[in-house]
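Morning, everyone. Please have the sequence and the structure open while I talk.

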Amino acid sequence: MKEPDDQDTDEGRSDISKSDGKQSSKSEAKSHTKESLDATDETVTEGEASYLEDEGSDLENLGESSASSQDYFESGGTSQEPPVPPQAEEEVKKKISATFYYEYGELVSMPFVTPDSNIPLDFLTLEHSFGYDCRRRANLQLLDSNTVMYMAGNKLILLDFKTKEQTYLHTSSGQGIGAIGVHPYKTYFTVAEKGSYPKIIIYEYPSMRPYRILRDGTEKAYAYVDFNDDGTLLASVGSNPDYTLTIWDWKEEQPTLRTKAFSQDVFKVTFNPENEEQLTTSGVGHIKFWEMAFTFTGLKLQGSLGRFGKTSTSDIEGYTELPDGKVLSGSEWGNLLLWEGSLIKVELCRTGMKCCHQGPINQIMLDEGEVITAGSDGCVRIWDFETIDTADVVDETGLLEIEPINELQVNKNVNLFSMIKMNEIGNNFWLAQDASGAIWKLDLSFSNITQDPECLFSFHSGPIEAMAVSPLTYLMVTTALDCSFRVHDLASKNTLVQMKFKQGGTAITWVPQTVSYSGGQIIAGFQDGVVRILELYDPKGLAVFAGRKKVSDAELYLKQVFKPHNAMVTALAYERDGEILATGSKDCTVFFFDVELDYKPIGYINTPGPVCQLEWSSLSHPESTLLIICENGYVLEAPYPNIREEDNHDLVSYEIHDMDIRCFHFSSIKSKILRSIEVEKRAKQKELKEKKKEERRKLLDERAEDEGIEFPEEEGEEEEEEEELPEIFIPPIPSPILCGFYSEPGKFWVSLGSYDSGFLYHCEFPPYNKDSDFKQQEDEPFDYRSLEDTEDNPIQTITFSVSRTMMFCGMRNGAIRIYVLNENDTSLDSLGDYWHFNMHDNDNGCVKNIAVSFDDRFLVTAGTDSNIFIFNIYSSFLLSRDIKSKVPSPRFGLELEPHVEDIEDPKAYSIEDARRKREHDKLMKEVEEIKTGKREQIKALRNEFLKLLEMNKELPKHMQLKQTDFEIDSKIRADINRKTALKIQQVEKELAWEKAKYELGLKKVQNRFRDPLDSDTVVVYAIQTDHHISSYRLVRPSKYSKFKRQSQAERRMSKMERFDKEGLGRKDSQKELGTLGAKKSLTSY
């Protein structure tokens, strides 16, 4: 984070552009589209005209303001512009009719359908949204007492939180929504979009009709919008790259003032409720205070950058303007900063120097004479306004300790991001946006009847990592890195049950019916390499016990847990008959389990890269094989693993060495494809030239025959030098494989990202070679299919309908694409016509999961923008019956089964590590037993030797053996001594650096504390008494002591000091000397 510089203040000034009558009339004469102009002509009253600004006008020219907006600020100062002619003034004052509305159907973006195809526009119809992007700023707005709205990808969702009914509005750009806002009177709301020069569309509420459109306020996306207190003006701020701050006269669709807000991300802009000519913006490492002021050149926005001074620079999320012009803001570390002017007046903390909040303060509000703060620690605290308003510095620290009046801890693991007050008379209810994935209803009355915090809605927080649908009914399960696991009902549009774990989920699949006949088992992989099998059941089918709480619609039961991997589990796949389970992971392994034997481990294989997808061959293939797709360009095909009837306990590892694995190492052919396309294009152009030349020659021959004149033959035209063909290029870093699927036995299709995007590649495995090295292989696809508009937007995931006549694709930019195929078209020859629509957020809404219900009725998509959309797939016949989902009944004796012990420790051993550890422990135990036996033998020999020595001592001296006689070989002892010396020398070498380090440290300590002493402390103790006397340390005088400054007594006096000391006395002495001299002269005379 860089410190804001002083130059930014100068950049924060912008003139209100001057516009004479001619310029205004020209801009009013332009129309955005022909349709909108016709609509305006019908609704504009007599003497009025619609103002529709040209979409292609330059950003600087859009800083112009109309006379009507300038009249609004006439009370604040006098205009410096010359008088406008009467005719021009009449044209400037033309306004848009108050009854004029746009047509929603003409504004909204529509799906793209391949021309001349029979695909209907309403191929997909949005049924419901289960997601909520809770990490977006101000993504919760209140429209009335029952309705809230929030952004969801390219949709604006209006949610009735009592009936849970959802209403949807789509964007006009099709590239997402940047910010939303609500008018103070709740009669309008704004949708500020993203895209190339996006629009701000203002809708009337509750009619939902587009009322006004503001154009060209920023280049790429809006970050925040806010109305002033009476709703006449709208402030907007853009995001990267321009960060433009614009004040709009929104009813006239005209920008009033415009300037650059800052050089880094701006989070928020608001008007001062007490003075609408003052604004505040905040963002990365800054807060800025703005004022509309009349200058010599007209009305300007003057910005003053807040100076942090001694306080650490902080990102500022929450702030509020106080009535007297001061601003109270939060900080990253949780304290409150009171700004006066552009400086920090005081920093507020709690008693004992504790922070006001544990973490950033995300929102600050002033309500009924109290200051309310909401932080990422999940607390809402109420502070006394008078204490804060009159706060001042009391010491050099710049801190002032205060305590909150009241506080509310919402819940554990809650991160309050924004709050809005509900307009209920007699109550003090608030709605809170929880960045951890919830919407809360809070009662801040703090009385005896205060209600506990109520969680109205709960969602996933962060990207949706995995999703699966039931093979039997309309149920869906999702998981994310927020450690939650949720089951949704597609028919009733409700979330049935959720479960929390210690680690986030990364992979999930529904257990096939061949394994679980009731279709109630789900298997999930997690971040720490653990795989859990969960069973979904209807608790109403269990035996009822006395005192049992209210029975829910569904419950989850942990059936089994095991840990096959040491890293994130990325893929799970059941063999087509349900006999084998394969799990893939980021640790570059694929593990196989025998499902029939209660998921007994079979073994694992190593892969050349991290596994991203697993797919077993279908029943149409003669053999059951596993397609293993790795991220780094490798694709493997593993056969059905051999299942050992009896477990061989002598095996040290589960690794499978005898599996015949075929490998395909993708080698880029995109440059060759582009080269062949260019060659074909040039050949067609050349053929067309030759054809035209031949036709011209025939015409000349016919004219020559008719007129009897012989035309001279045309000289050969000089052939133009052809440009060089594109070079063959192989990316140095292999493009990642995003997804793939089987086409035929031994053949498959893959979609790649990075350089190789834009095509689907058809590949074939080479024959198996036992001696081949995977890393040395370079294999090229044998066929490809070109995909429109996917050069920078590759296909991220692919799934098929049950009949395989529809291919559903999730795109990186959040769009959904559907290709219509012919039956049994495994080679994708009919891949051409498609339906394409942007649904998820275009910047951070990559579609990672896409699935179809068991009967091809519903399509479900999940993206990295936390959104989960349910679509109704178009069908040629309508189903009249009501759709219902069925939760499986519990198994007999489920309630009597023992509780399964979960693996909660992320450092727990995996299956392979546990086996190796067991074998290692077994080996170490055997070694210890051998060592113990050897020690016993040595001990027995030692005892026997000691006995021999005793017997030797008891013999007469002439018969005793010498000590050297007991040595079998004298060289042995010498060799032992030599080895010991070498070991000591080696240790000294290893510790030489440490030894030198500590010696140097000791020397420095001595030089600093010991050497400067002339004498150290000496203590003398008395012998017969307890008395003692001691000296004290004397520091040796410095060598510079002789050059030290003279004392005050020895110092020479200055002139002023001499004058002060001798002044009057010296004058008297001079007078006396003059008198004596005069007397001497008179005497001599």
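Is D789 buried or exposed? Exposed: its relative accessible area is 62%, and the cut-off for that class is over 50%. Bear in mind that this is a predicted model. D789 lies in the loop between β52 (783-786) and β53 (795-800). Look at its backbone too. Phi of D789 is near 55°, a positive value in a residue that is not glycine.

Next, F446. Here again phi is positive, about 50°, and the residue is not a glycine. Find F446 in the loop between β31 (438-443) and β32 (454-458). Its relative accessibility is 27%, so F446 counts as partly exposed.

Now the cis peptide bonds. Take Y205 to P206: that bond is cis, with omega near 15°. P206 sits in the loop between β10 (200-204) and β11 (210-214). Then go to N240 and P241. They are joined by a cis peptide bond, with omega about 15°. P241 belongs to the loop between β13 (234-238) and β14 (244-249).

On to strand β47, residues 634-639. How many of its six residues are buried? Five, so β47 is largely enclosed by the rest of the structure. Buried here means under 20% relative accessible area.

What does β47 pair with? Start with strand β46, residues 625-630. β46 and β47 run antiparallel, joined by five bridges. In that pairing, L627 stands opposite E637 of β47. The two strands form a hairpin, with three residues between them. G633 is in the turn, and its phi is positive, about 100°.

β47 also pairs with strand β48, residues 662-665. That pairing is antiparallel as well, with four bridges. V635 stands opposite F664 in β48. So β47 has bridges to β46 and to β48, and five of its six residues are buried.

Last stop: the surface. Which residues gather there in a patch of negative charge? E702, E705, D706 and E707. Follow E707 back to its element: it lies in helix α8, residues 670-707. E707 is partly exposed, at 47% relative accessible area.

Note on methods
Residues are numbered from 1 along each chain as its sequence is written. This is a predicted model: local features need pLDDT of at least 70, side-chain atom pairs count only at pLDDT 80 or more; totals for chains, interfaces and linings use all residues. Side-chain values use heavy atoms; hydrogens and water are left out. Patches are made of residues with over 30% relative accessible area and no salt bridge: like charges are joined within 9 Å, nonpolar side chains (Val, Leu, Ile, Met, Phe, Trp, Tyr) within 5 Å. Accessible areas come from the Shrake-Rupley method with a 1.4 Å probe; for residues, only the protein chains shown count as cover. A salt bridge is a side-chain nitrogen of Lys or Arg within 4 Å of a carboxyl oxygen of Asp or Glu. Lys and Arg count as positive and Asp and Glu as negative; His and the chain ends are not counted. The place of a charge is taken as NZ of Lys, CZ of Arg, CG of Asp or CD of Glu. Buried means under 20% relative accessible area, exposed over 50%, partly exposed in between (1.4 Å probe, protein chains only). Two strands pair if DSSP finds at least two bridges between them.
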